[in-house]
Amino acid sequence: MLQLLGNLNGPQTIGNGRAFWIGFAVVLALAIAYPLGFDPYDVGNAAYFLIWIFAALGLSLMWGYTGILSFGQMAFFGIAGYGYGVISINLSATGGMTLLALAAAVAVAALFAAVLGYFMIYGRVGGVFFGIVTFATTLALAAFMGQTAGPEWAIGRARFNGYNGMGGMPPLELPWFGEPVLLEGTVLYYSILALLLVVYLGLRWLVNGRFGNVLVAIREDPLRAELLGYDIRKYQLAVFVLGSSLAALSGGLYTAWGQFITPAVMGLPSAAMPIIWVAFSGRADLTATLVGTFVLLLSFQALTVYSQQYALILMGALLLITVLFVPSGFVSGISQWLRRSHGGIRTRESLS
Amino acid sequence: MTAMLEVRGLHKHFGGLNVLADVDLVIDTGEIHCLIGPNGAGKSTLFKVMVGTYEPSAGTVRFLGADVTLRKPFERVRRGMSIKMQVPSVFRELPVLQNLVIALQQRLPKAGIDAEAERLLTLLELGAQARQAAGKLSHGQQQWLEIGMALALQPKLLLLDEPTAGMSPEETFRTGELIQRLNGEGMTVLVVEHDMTFIRQIAQKVTVLHFGKVFAQGPVEAIVRDPRVAEIYLGKTHGH
């Protein structure tokens with residue numbers, strides 16, 4: 001039966017056995033059933049958590065699988081967020097046009113990633129400097145957007161409004177027979193859940209195939225990978241664009257969800273968040289990243305209700321603890337411990 | 001015999017330091033060619049210029065008739081070179097089998113990879129360690145695995161920089177046998193080495209590098225008997 005799953009299973013993902021996929025089906029069934037028992041506000045909230053996971057998966061692909069530490073996830077998040085605002089406001093988008101506006105916003109961010117990535121990767125900016133340049137880019141964008149308060153800072157009818165943020169963009173609508181369906185509450189939740197499922201399985205398929213083999217080879221030893229005949233810069237650029245585009249998808253969805261975006265999403269605390277989620281979860285595994293990020297977002301929000309400052313301090317402390325004591329990440333660590341104590345979950349070593 | 005790799009008028013300097021000066025070297029198709037010389041002679045620099053990790057200050061490198069002087073390493077590999085660097089570099093966190101698969105998928109479709117990986121594991125005597133992380137292998141086994149990864153590409157020219165460094169005499173001897181067997185199957189091999197016993201075992205032609213220049217060149221028997229070579233090099237390492 002596992003053979004049917006093909007590249008969804010493989011050496012680059014934790015959890016390849018029957019037990020894992022049964023667990024996966026159970027979690028998916030619970031996620032599908034969840035809106036039935038909760039009020040629409042909670043369901044909308046859950047959709048909000050799911051939105052961020054795309055950015056985390058993108059970072060896991062870049063950092064955990066390919067060894068590229070990008071501090072720029074929130075820059076692409078912001079570009080797509082503002083991009084969605086500018087495009088949808090100017091088109092007065094409704095129905096399927098809102099989805100096209102989202103796709104166009106992600107494409108703009110992907111193009112930006114391609115240009116930035118090209119100069120960095122072909123200019124041999126590597127290691128920690130890659131993180132520094134992407135981090136500086138993020139903060140520069142935040143500062144730039146912050147000074148756009150004046151009325152002259154607008155594209156068409158879309159005003160940037162500096163630190164007050166851009167609002168007034170339409171929510172996403174799904175074209176439907178008769179009239180479009182507004183993506184909010186339960187419908188939004190199901191749409192994002194479906195999208196997340198496609199992205200998660202798609203990434204699993206990607207990392208367990210030939211492409212993924214080259215990515216981990218680059219992470220382990222870039223020169224060795226090149227000496228096997230791989231044009232590693234092309235792979236690094238492709239991964240940077242893909243990973244950044246996933247952050248852009250988060251940004252576009254987030255802006256459409258709240259109909260609002262501010263430069264603060266590209267500020268320092270925000271820019272550090274994807275790093276913390278992914279490091280805490282276990283950067284070298286997609287499943288660990290997905291689960292860990294969701295848990296962290298949930299706890300972060302629960303804490304923020306009491307105090308945002310303390311929540312931030314706790315996040316910082318969590319990063320320190322992870323780096324010092326569980327460098328491979330907590331969720332990855334727990335799954336390894338489970339494997340050792342039960343031997344039930346087939347993982348990397350036990351799978352060819 | 002036709003030239004597989006041809007180096008002409010090669011210079012390499014780092015700032016004011018001249019490491020290679022006017023080096024000519026021809027590796028003919030089908031031979032095992034050894035590059036020797038005392039420490040600091042410029043062997044590794046010459047090797048790096050040949051594989052493309054260093055750009056020469058002047059001179060040309062031609063491979064199979066084409067000028068590859070400014071070509072990147074991966075482009076040279078795709079033309080038929082295969083390279084093992086001095087420091088063993090395997091993908092340490094990945095299983096031995098996956099190390100080979102990453103190399104094999106470069107030239108084989110998915111269907112052919114398993115059988116070929118199995119064949120290489122047997123050849124390298126690493127069958128029992130196939131699922132172990134490559135970083136857990138002994139030093140000699142890592143060297144073999146890396147040679148295996150280089151072989152996986154089925155190269156026309158195999159370039160090995162000190163392939164027996166850190167190996168026991170027995171492992172060294174078996175590595176020599178492997179290289180001779182590959183050469184018997186038609187592969188051209190260039191080896192950078194220190195170990196004279198090993199060179200006597202495998203070499204057909206030897207180039208001696210000294211202070212960045214070609215000091216002597218010829219069949220291994222002649223080089224071993226050359227008193228000038230013995231003076232600069234063999235005298236110090238005889239019986240090594």
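Residues are numbered from 1 along each chain as its sequence is written, while chains are lettered from A and ligands numbered from 1 in the order in which they are written. As the model is predicted, local features need pLDDT of at least 70 and side-chain atom pairs count only at pLDDT 80 or more, whereas totals for chains, interfaces and linings use all residues.

Chain B is divided into domain 1 (3–90 + 137–237) and domain 2 (91–136). The bounds come from an automatic or database domain assignment. The centres of the two domains, taken over C-alpha atoms, are separated by 25 Å. Twelve residues of domain 1 of chain B are in contact with 16 residues of domain 2 of chain B (contact: C-beta atoms, placed from the backbone, within 7 Å). The domain 1 side comprises eight nonpolar, four polar and no charged residues. In this scheme Ala, Val, Leu, Ile, Met, Phe, Trp, Tyr, Cys and Pro count as nonpolar, Asp, Glu, Lys and Arg as charged, and the others, Gly among them, as polar.

An open, mixed sheet of six strands in chain B has the order E6-E7-E8-E3-E9-E10. Strands (E, at least two residues) and helices (H or I, at least four) are DSSP runs, numbered from the N terminus. Strands pair if DSSP finds at least two bridges between them. Strands E6 (81–84) and E10 (213–219) of chain B stand at the edges with a single partner strand each, so one side of each is left without a neighbour in the sheet. On average, neighbouring strands are turned by 15° against each other, direction ignored.

Strand E3 (residues 32–36) of chain B pairs in the parallel sense with E8 (residues 188–192) of chain B over four bridges. Four bridges also join E3(B) to E9(B), again parallel. B:Cys34 stands opposite B:Val191 in E8(B), and its bridge partner in E9(B) is B:Val206. E9(B) and E10(B) run antiparallel and are joined by six bridges. Here B:Val206 has B:Gly218 of E10(B) as bridge partner. The hairpin of these two strands has two residues between them, and B:Phe211 takes a positive phi near 50°.

Helix H1 (residues 43–51) of chain B touches E3, E6, E7 (157–161), E8 and E9 (205–210) of chain B, and its direction makes about 145° with that of E7(B). H5(B) touches E6 and E7 of chain B, at about 170° to the direction of E6(B). Axes are lines fitted to C-alpha atoms, for helices over the stretch in contact, and angles run from 0 to 180 degrees between N-to-C directions.

H5 (residues 139–152) of chain B also meets helix H3 (residues 96–104) of chain B; their axes come within 8 Å and cross at roughly 25°. That makes H3(B) roughly parallel to H5(B) (angles under 35 degrees). H3(B) contributes B:Val96, B:Asn99, B:Leu100, B:Ala103 and B:Leu104 to the contact, and H5(B) contributes B:Leu145, B:Gly148, B:Met149 and B:Ala152. Seven of these residues are nonpolar, two polar and none charged.

The contact between the chains takes 18 residues from chain A and 21 residues from chain B. On the chain A side, helices H7 (210–220) and H8 (222–227) of chain A give two or more residues. H7(A) supplies the largest share, six residues. The chain A side divides into eight nonpolar, three polar and seven charged residues.

Key: Angles under 35 degrees count as roughly parallel, over 145 as roughly antiparallel, 65 to 115 as roughly perpendicular and the rest as oblique. Two residues are in contact if their C-beta atoms, placed from the backbone, lie within 7 Å.
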